[in-house]
Amino acid sequence: MITVLVVTFVILVVLGSPVAFALGLSSMAALIWEGMPLTLVVQRMVASIDSFVLLAVPFFLLTGHLMAQSGIARDIIAFAEALLGRLRGGLGHANVATSVLMGGMTGSAVADTASSGTAIIPAMVQRGYSGQFSAAITACSSTIAVVLPPSVPMIVFCVVTGASVSRMFIAGIIPGLLMALGMMLTISLVARRQNLPRGERVALPEIGKAFLRSIVALTLPVVIIGSIRFGVATPTEASAIAVVYAYLVGRYWYKSLSLSDLRPIFLSAASTTGVVMLMIAAASLYGLILTRAQVPQAVAEMIAHLTSSPYVVLLLILLLYLVAGAILDLTANIIILVPILFPATVALGIDPIQFGMVTIIGLAIGLVTPPVGICLFVSASIAKQPVMRVALACVPYLASIMAVVLAIIFFPAIATWLPGKG
């Protein structure tokens with residue numbers, strides 16, 4: 001049965017089938033091979049997405065679409081530039097800062113790349129930065145969006161493992177900021193070597209004005225995290241609050257959203273949600289077959305015989321993630337690999353939150369590496385640069401992200417200290 005499942009899945013993916021269909025069809029082929037009733041398909045797929053926690057996914061995706069349509073990226077970029085533009089390579093620093101601020105609103109790396117990239121990449125090129133440098137910074141910094149809360153991949157991870165969404169959200173704050181700091185340090189080194197331009201010093205009153213123009217938008221992450229942290233709302237309830245807040249900001253503060261804009265925004269968010277939910281449902285069926293065949297238990301036993309060191313296990317898992325991330329989408333990798341690997345980490349006493357952060361960041365690197373690297377392709381397209389040249393320019397910044405993942409592996413408190421014990 002496992003042979004039919006895996007071979008069918010690989011063939012469908014190679015032929016270009018969407019991952020959700022490849023998961024579902026290969027699972028059906030395995031069930032037919034075993035003579036099991038196909039009614040199990042519908043029952044399992046419907047049950048897997050009948051979850052209160054998963055309601056947060058469409059709400060956070062809708063929030064991201066509303067904020068992107070509002071045009072808030074322009075004010076956030078202006079604030080980041082006023083704050084950091086005087087440094088050598090200042091617009092590169094501002095690009096990273098923008099990803100930190102936007103990531104706390106969209107929860108999607110692709111949304112961050114598209115919304116902020118269309119504004120900041122042309123501005124960087126116009127001011128003397130190379131297109132490759134501009135696209136590389138935009139692509140790499142966008143990975144922060146899936147580490148800082150709210151993060152859709154984090155929600156999917158928690159649904160798969162049963163981990164706390166609240167703890168995962170809060171756990172992402174320190175690693176996300178460390179990723180930003182690492183990239184900014186790398187930019188400083190590159191800026192000195194390449195003699196990148198330095199912006200004009202902005203007076204403190206001007207910085208204050210730029211902050212005030214963007215303060216309403218910058219409050220959204222505080223609303224989300226604050227409501228969860230202080231027990232005012234669950235992550236799902238916070239996602240609904242975020243939608244209302246994003247709409248009110250776009251409609252009455254930025255005055256860039258009208259009622260006629262809502263239909264295409266809702267359709268776009270619904271389309272994205274449909275893709276995510278179908279993938280989760282199909283992967284649940286795939287995972288059921290793997291579980292019935294005791295694959296997770298076999299993997300756990302194999303790892304236990306191989307090594308008893310949590311550090312070595314997480315390093316091996318990270319290596320697997322780097323390969324898998326270059327082949328499949330981040331969400332698909334989570335729902336395929338995590339159910340297999342999670343029991344092994346539990347057996348070794350690895351905190352689910354630590355494992356979750358290694359998973360999210362390790363797989364997020366795949367968003368910037370070819371051949372899949374969707375953020376890489378989006379940023380290269382905006383900058384009108386060859387993809388492989390942008391990929392090479394990404395290497396120093398990916399190294400800084402790798403340093404954060406390795407730090408989490410060897411110093412788990414980086415991920416587990418802020419959320420505390422579950």
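This is a predicted model: local features need pLDDT of at least 70, side-chain atom pairs count only at pLDDT 80 or more; totals for chains, interfaces and linings use all residues.
Local features need pLDDT of at least 70 and side-chain atom pairs pLDDT 80 or more, while totals for chains, interfaces and linings use all residues. Residues are numbered from 1 along each chain as its sequence is written, and side-chain values use heavy atoms, without hydrogens and water.

**View 1. Helix H8 crosses helix H19.** H8 spans residues 131-141 and H19 residues 374-383. Helices are DSSP runs (H or I, at least four residues), numbered from the N terminus. The two axes come within 9 Å and cross at roughly 145 degrees. Axes are lines fitted to C-alpha atoms over the stretch in contact, with angles from 0 to 180 degrees between N-to-C directions. Gly131, Ala135, Thr138 and Ala139 of H8 meet Cys375, Leu376, Ser379, Ala380 and Ala383 of H19 (contact: heavy atoms within 4.5 Å). This contact has 6 nonpolar, 3 polar and no charged residues.

**View 2. The largest pocket has 30 lining residues.** A pocket is an open set of points on a 1 Å grid where a 1.4 Å probe fits, with protein on both sides within 12 Å along at least five of seven lines; lining residues have an atom within 4 Å of a point. Its volume, the space filled by probe spheres set on the points, is about 680 Å³. Leu61, Ser108, Val110, Ala111 and Thr272 lie nearest the centre. H4, H7, H9, H14 and H17 each give two or more residues to the lining.

**View 3. The second largest pocket holds about 350 Å³.** Fifteen residues line this pocket, with Phe9, Tyr286, Leu328, Ile336 and Leu337 closest to its centre. Helices H1, H14, H16 and H17 each give two or more residues to the lining.

Notes:
A crossing is left-handed if the near helix is turned anticlockwise from the far one by less than a right angle, and right-handed if clockwise. Ala, Val, Leu, Ile, Met, Phe, Trp, Tyr, Cys and Pro count as nonpolar, Asp, Glu, Lys and Arg as charged, and the others, Gly among them, as polar.
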